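Please go through them with the coordinates open.

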Amino acid sequence: MSASGDTVSTLRVVIIGGGIAGVSAAAALAPHCEVTLLEQETSFGYHASGRSAAMFEENYGNDAVRALNRASKAEHERLNVLSPRGLMMVALEGEREAFEADLDTMGMREISVAEARRMVPILGPDIVRAGLNEGASDIDTDRLLNAYAREARSHEAELSAGAEVVGIDRGRSWQVRTTSGGFEADIIVNAAGAWADQVANMANVRCVGLQPYRRSMARLPAPGGHDVRGWPMLFGPGESWYAKPDAGAWIVSPAEEDPVEPMDAWADDMVLAEGLARYEAHVSEPVTRVQTNLAGLRTFAPDRSLVIGEAPDAPGFFWLAGQGGYGFQTAPAAADLLAALVLSQTSVLAGAVVDALSP
């Protein structure tokens with residue numbers, strides 16, 4: 001973390017949410033403040049953080065997200081959580097226009113279909129275009145989450161699971177009531193993911209219009225009995241589906257964005273079937289068995305940028321939300337920015353990026 005100095009002040013910070021956003025924020029702030037993190041579930045990283053595609057791709061997201069990606073890479077490398085994966089896009093005849101658009105925005109180079117098939121031998125006979133980005137990496141999400149938790153605890157931060165926030169009152173300080181007791185704070189950091197607008201409502205703070213979207217995935221046996229460990233992540237133009245290796249198996253997602261209420265998400269069987277059909281059109285190995293399925297929530301602000309900063313209508317209430325599908329890959333830089341703003345320090349990010357992320 002980049003915030004300077006390690007003298008703990010008397011500033012009391014309560015962080016609401018124990019996913020990667022909240023835990024990384026705790027690690028960034030704990031050297032400087034008295035930090036308490038509250039998570040409603042009985043374990044950390046249970047919801048979106050526990051159901052991530054776990055990829056680092058610098059060119060994924062809008063301009064502000066990409067700036068956070070770039071600023072996060074060195075910390076990911078320092079913590080040794082990245083491993084080579086690569087990202088391949090494959091297109092059918094009717095997908096040429098979407099392929100061209102993604103090839104440009106994702107910073108990919110076009111390769112021959114024959115080269116793509118040498119890398120992923122299950123590509124179907126109807127593939128007409130292929131693109132590759134060798135620089136995309138897997139993120140060891142468990143390692144990253146645990147590294148930040150250890151860092152926070154090493155500076156005496158209190159990380160409390162099973163502590164659901166049930167009320168927030170504002171007076172001379174913030175009073176946070178939970179199912180496991182009450183807490184007083186000078187600063188609240190709202191890192192509650194899909195529930196962040198609900199937390200704001202509880203604190204009588206104006207919401208920012210966050211919308212959770214469901215995304216499902218199916219875990220399949222390795223197609224055709226292949227060793228998939230060295231294969232790149234695959235996706236269809238326009239992110240119509242994606243597939244990637246996962247511990248010797250193969251996960252496929254419809255890449256859907258169905259708006260839902262905050263919840264413990266589950267996969268919709270029909271949506272999953274439709275997505276698997278889109279995937280099957282691009283490969284030669286049919287889906288014969290689904291080992292298991294799951295779903296998570298990706299929560300976006302209307303502009304698809306993260307929301308990081310102090311609420312304009314509530315001094316001492318800071319947002320760290322709207323991570324969408326970028327939570328893990330942006331976590332280091334997002335937490336550093338949040339800490340800089342809480343501590344009234346200057347961020348290393350460009351002013352235009354900080355403005356784009358501001359609530």
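Which residues of α2 are buried? The points below begin with that helix in this predicted model and then turn to individual residues elsewhere.

1. The buried residues of α2 are Ala64, Val65, Arg66, Ala67, Leu68, Asn69, Ser72, Glu75 and His76.

2. Helix α2 covers residues 63-78 and helix α8 covers residues 327-342, and their axes, which come within 7 Å, cross at roughly 85 degrees. Because an angle of 65 to 115 degrees counts as roughly perpendicular, α2 is described as roughly perpendicular to α8.

3. On the α2 side of this contact stand Val65, Leu68, Asn69, Ala71, Ser72, Glu75 and His76, while α8 contributes Phe328, Gln329, Thr330, Ala331, Pro332, Ala333 and Ala334. Taken by class, the residues of the contact of α2 with α8 comprise eight nonpolar, five polar and one charged.

4. The geometry of α2 itself deserves a separate look, since its 16 residues should span 22 Å at 1.5 Å a residue, and the end C-alpha atoms, 24 Å apart, agree with that expectation.

5. Leaving aside neighbours within four places in sequence, Glu39 is in contact with Gly17, Gly18, Gly19, Phe44, Ser160, Ala161, Gly162, Ala163 and Glu164.

6. Asp138, which belongs to strand β8 (residues 137-139), is likewise buried, at 12% relative accessibility. Beyond the neighbours within four places in sequence, its contacts are Ala54, Met55, Val81, Leu82, Ser83, Arg85 and Lys244. Between Asp138 and Ala222 there are 84 residues of separation in sequence and 18 Å in space, taken C-alpha to C-alpha.

7. Glu239, in the loop between β15 (233-235) and β16 (242-246), has a phi near 50 degrees, a positive value in a residue other than glycine, and with a relative accessible area of 27% Glu239 is partly exposed. Ala247, in the loop between β16 and β17 (249-253), also has a positive phi near 50 degrees, and at 75% relative accessibility Ala247 counts as exposed.

Terms used: Residues are numbered from 1 along each chain as its sequence is written. This is a predicted model: local features need pLDDT of at least 70, side-chain atom pairs count only at pLDDT 80 or more; totals for chains, interfaces and linings use all residues. Side-chain values use heavy atoms; hydrogens and water are left out. Axes are lines fitted to C-alpha atoms, for helices over the stretch in contact, and angles run from 0 to 180 degrees between N-to-C directions. Helices (H or I, at least four residues) and strands (E, at least two) are DSSP runs, numbered from the N terminus. Angles under 35 degrees count as roughly parallel, over 145 as roughly antiparallel, 65 to 115 as roughly perpendicular and the rest as oblique. Contact means heavy atoms within 4.5 Å. Ala, Val, Leu, Ile, Met, Phe, Trp, Tyr, Cys and Pro count as nonpolar, Asp, Glu, Lys and Arg as charged, and the others, Gly among them, as polar. The expected span of a helix is 1.5 Å times one less than its number of residues. Buried means under 20% relative accessible area, exposed over 50%, partly exposed in between (1.4 Å probe, protein chains only).
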